[in-house]
Amino acid sequence: TAAVSLAGLRIVVSAGPTFEDIDPVRFIGNRSSGKMGFAIAAAAARRGAQVVLVAGPVHLDTPASVQRIDVRSATQLRDAVIAALPADVYIGAAAVADYAPRAIAGNKIKKSADILTLELVRTPDTLAEVSASPSRPRCVVGFAAETENIEAHARGKLQKKNLDLIAANRVGVAGSGFESDDNALTVYSRDGVQALGPAPKTQLADELLTLIAERLHA
Ligand code: C5P
């Protein structure tokens, strides 16, 4: 099928993990490679969109014609995404840490007792903030990486965060998820569901953008 043009649209994409520093040498992170979000940004730019890619710490090249903003923590990601609004579309593909250390130690924490307790606090939920923002994009898309009860969790997030689409993928199975080049997505909207893949993330990115473009043009 011919690619639907996204010319004239501004699309903000977040991608990659966030790292939450504990002290100058340690952090809490996760296994996101950023490949899915980078593939979406690349595909959107190829279709003519103006793309802002807010990227956590990843080892990936910036796609052609994409404006990249590098961040490290969940709070930095939120600030960069909100600053990039208004936009027509927000795609939250970043695996944002849900908790961060209450304070970052100024010096390396030395080992002493057998048990060390870290106090963690909730991070800002960028996707929820974008969706509730006065300059809410017309299409707000989330990702849900789940190990179980995929549909119930994805639909719950669609409702709770007031999303237009949520792309669920199962982590922990071969050929899908975090570090793989391939993925399989189930995309839920309030009124439907669509299975994409298994396929290379570059192809899935294009198929997801087609779903988004169809909604924008509907
Ligand atoms: O609630 P959960 O973290 O599973 O939802 C996943 C979606 O929410 C992803 O699109 C992710 O980018 C976004 N998210 C976020 N900020 C957080 C946590 C998740 O933007 N603190």
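Is Thr18 buried or exposed, and what is its relative accessible area? In this predicted model, Thr18 is buried, because its relative accessible area is 0%, and buried residues are those under 20%.

View 1. Thr18 belongs to the loop that links β1 (10-15) to β2 (20-23). Its side chain forms a polar contact of 2.7 Å with the side chain of Glu20. The side chain of Thr18 also reaches a backbone atom, the nitrogen of Ala97, at 3.0 Å. When neighbours within four places in sequence are set aside, the residues in contact with Thr18 include Ile28, Gly29 and Asn30, together with Pro57. Further along the chain, the contacts of Thr18 include Arg72, Ser73, Ala74 and Leu77, as well as Ala95, Val96 and Ala97.

View 2. The ligand sits in the largest pocket. Elements that give two or more residues to the shell around the ligand are α3 (126-132) and β9 (139-146). In total, 13 residues surround the ligand, and the closest are Gly92, Ala94, Leu127, Phe143 and Lys157.

View 3. Pro124 places a backbone N or O atom 3.0 Å from a nitrogen atom of the ligand. For Asp125, a polar side-chain atom lies 3.5 Å from a nitrogen atom of the ligand. Thr126 has a backbone N or O atom at 3.2 Å from a ligand nitrogen atom. The ligand taken alone exposes 440 Å², and the protein buries 86% of that area.

View 4. Leu85 and Pro86 are joined by a cis peptide bond, with omega about 0°. Pro86 is located in the loop between α2 (74-84) and β6 (89-92). A cis peptide bond also runs from Gly197 to Pro198, where omega is near 10°. Pro198 is part of strand β12, which covers residues 192-200.

View 5. Ser65 is a residue other than glycine, yet its phi is positive, near 60°. Ser65 is placed in the loop between β4 (50-55) and β5 (66-70). It is exposed, because its relative accessible area is 66% and the exposed class begins over 50%. Asn149, likewise not a glycine, has a positive phi near 45°. The loop between β9 and α4 (150-160) holds Asn149. With a relative accessible area of 53%, Asn149 is therefore also exposed.

**View 6. Asp181 and its partners from elsewhere in the chain.** Asp181 is found in the loop between β10 (165-170) and β11 (182-189). Its C-alpha atom is separated by 9.6 Å from that of Ser33, although the two residues are 148 residues apart along the chain. Apart from neighbours within four places in sequence, Asp181 is in contact with Lys35, Pro200 and Lys201. With Lys35, the contact includes a polar one between the two side chains, at 3.0 Å.

How values were computed:
Residues are numbered from 1 along each chain as its sequence is written. This is a predicted model: local features need pLDDT of at least 70, side-chain atom pairs count only at pLDDT 80 or more; totals for chains, interfaces and linings use all residues. Side-chain values use heavy atoms; hydrogens and water are left out. Helices (H or I, at least four residues) and strands (E, at least two) are DSSP runs, numbered from the N terminus. Buried means under 20% relative accessible area, exposed over 50%, partly exposed in between (1.4 Å probe, protein chains only). A polar contact is a pair of N or O atoms within 3.5 Å; within protein, one must be able to donate a hydrogen and the other to accept it, and residues adjacent in sequence count only if both atoms are side-chain atoms. Contact means heavy atoms within 4.5 Å. A residue is near a molecule or strand if one of its heavy atoms lies within 4 Å of it. Accessible areas come from the Shrake-Rupley method with a 1.4 Å probe; for residues, only the protein chains shown count as cover. On a 1 Å grid over the protein atoms alone, a cavity is a set of points where a 1.4 Å probe fits but cannot get out, and a pocket is an open set with protein on both sides within 12 Å along at least five of seven lines; lining residues have an atom within 4 Å of a point. A molecule sits in a cavity or pocket if more than half of its atoms lie within 2 Å of its grid points.
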